[in-house]
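Me: I am new to this structure and would be grateful for a guided discussion of its features.

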Amino acid sequence: MNRLRLSLTGFFGPNEHYLVTEQHDGIKITYSVDPPMLDGLADNVLTGEDVVAFKEELAKLELIKWQQQYVATAPIMDGTQWSLQVTDDTGSTHEHVGDNAYPPNFNRLLSLLKYAVTAPGGHFVPPSAWQLDFVRFATLRLPKFAGPTRFLSRQLQYRQTYLIDPTHDLVVIKTQAAEPLNDHEVTYHDPQLVANLAEAVAEAVSKLGELKTTLVDPALPPNSIFALTVQYPHGKPTRIQVNAELDADMKSLWQAITEAVHEFQVASERRNVGDATTFGPHIMHYIKVNFHHSAKDYLYKTDLPDLEEGDVVIVPVGEEGRTLHAEVVDAQVAAPVYFPVPPHKIKQVIALADDDDDDW
């Protein structure tokens, strides 16, 4: 395909035109309206992998196989007349028109063109990775020497980094601080959890709208900044740096991603506990049990793997070494914020009861 032009004429409003033209360095997509309006013009240029992805989506529509004409059986007052001209690689032009009637995948074509002409930064392919940083600086005031000036310098005081890279099943959470505090870094590789986090991050970043590279003045940096780096499969990344104390949108983004990262960490820890109880060494965890359908559940700790709701376990009760059988009502309880008794005094499950145990 060398050229595509889609024109729409509605009963109300201006005429709309989408023009797709193949160039030597990519594909240019233009949207315009007639009569001209200030907000009725947009264009975008796709290059590299974005061109490949756009052409693949366009090919799925099989435009050449569309009928030449589509006409509704009855007139519709607010309908739309449309025309589509497609010039193929041989130079032949194919024209398709419609009057209040459309091919089955007409809306897919319209959505594709709308997205391609407004894709942030010209990137038709979604981002492949995100990095969000919060950086706080410290200003050092050195002693005054000869003359009226002071020697000032700035140094890093604190930096929190989230790197989410679903292409490589990678999440890195890193904290850096000035001495004497130590740096801390944790890396995760669980594909499903990384994919879930990436989906949440993509949704949060999309609320910023179109992304354009903006950098703070290195000569006059603020006391703290938010920095967002969006990496695409093709081309340069988009880098945004803003004053962390003044930019409300980036502050909201930071809070949203921090919450998503926290949920990711909790899910990862649970997944790790599950792996550990399967492969060992077995990790001590908390469960809740019930004695013969009593009104209250009781908290115990255990290192028994693969416990399930409904299992019967033998547990110690009281201070005289007595034991009772109890039914597991929750096999994986998060550690309570406030323990009913000191953690070291919570009793441990003795064993899993036999199926034919008569004491239950």
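**Strands, helices and salt bridges**

Reply: In this predicted model, strand β1 (residues 3-10) and strand β6 (residues 80-87) pair over eight bridges in the antiparallel sense.

Me: Which residue of β6 is the bridge partner of R5?

Reply: Strands of a sheet pair through backbone hydrogen bonds, either parallel or antiparallel. Strands β1 and β6 pair in the antiparallel sense. In β6, the bridge partner of R5 is Q85.

Me: What is the order of the strands in the open sheet of seven strands?

Reply: The pairing in this open sheet is mixed. The edge strands, each pairing on one side only, are β4 (41-46) and β5 (69-71). The order is β4-β3-β2-β1-β6-β7-β5.

Me: What angle does the direction of helix α1 make with that of β3?

Reply: Helix α1 (residues 49-59) packs on the sheet and touches β1, β2 (15-23), β3 (26-34) and β4. Its direction and that of β3 make an angle of about 65°.

Me: How far apart in sequence are the parts that K55 and E22 tie together?

Reply: K55 and E22 form a salt bridge, with the closest N and O atoms 2.7 Å apart. K55 lies in helix α1 and E22 in strand β2, so the pair ties together parts whose separation in sequence is 33 residues.

Me: Is D133 buried or exposed?

Reply: D133 forms a salt bridge with R159, and the closest N and O atoms are 3.0 Å apart. Buried means under 20% relative accessible area. Because the relative accessibility of D133 is 4%, D133 counts as buried.

How values were computed. Residues are numbered from 1 along each chain as its sequence is written. This is a predicted model: local features need pLDDT of at least 70, side-chain atom pairs count only at pLDDT 80 or more; totals for chains, interfaces and linings use all residues. Side-chain values use heavy atoms; hydrogens and water are left out. Two strands pair if DSSP finds at least two bridges between them. Helices (H or I, at least four residues) and strands (E, at least two) are DSSP runs, numbered from the N terminus. Contact means heavy atoms within 4.5 Å. Axes are lines fitted to C-alpha atoms, for helices over the stretch in contact, and angles run from 0 to 180 degrees between N-to-C directions. A salt bridge is a side-chain nitrogen of Lys or Arg within 4 Å of a carboxyl oxygen of Asp or Glu. Buried means under 20% relative accessible area, exposed over 50%, partly exposed in between (1.4 Å probe, protein chains only).
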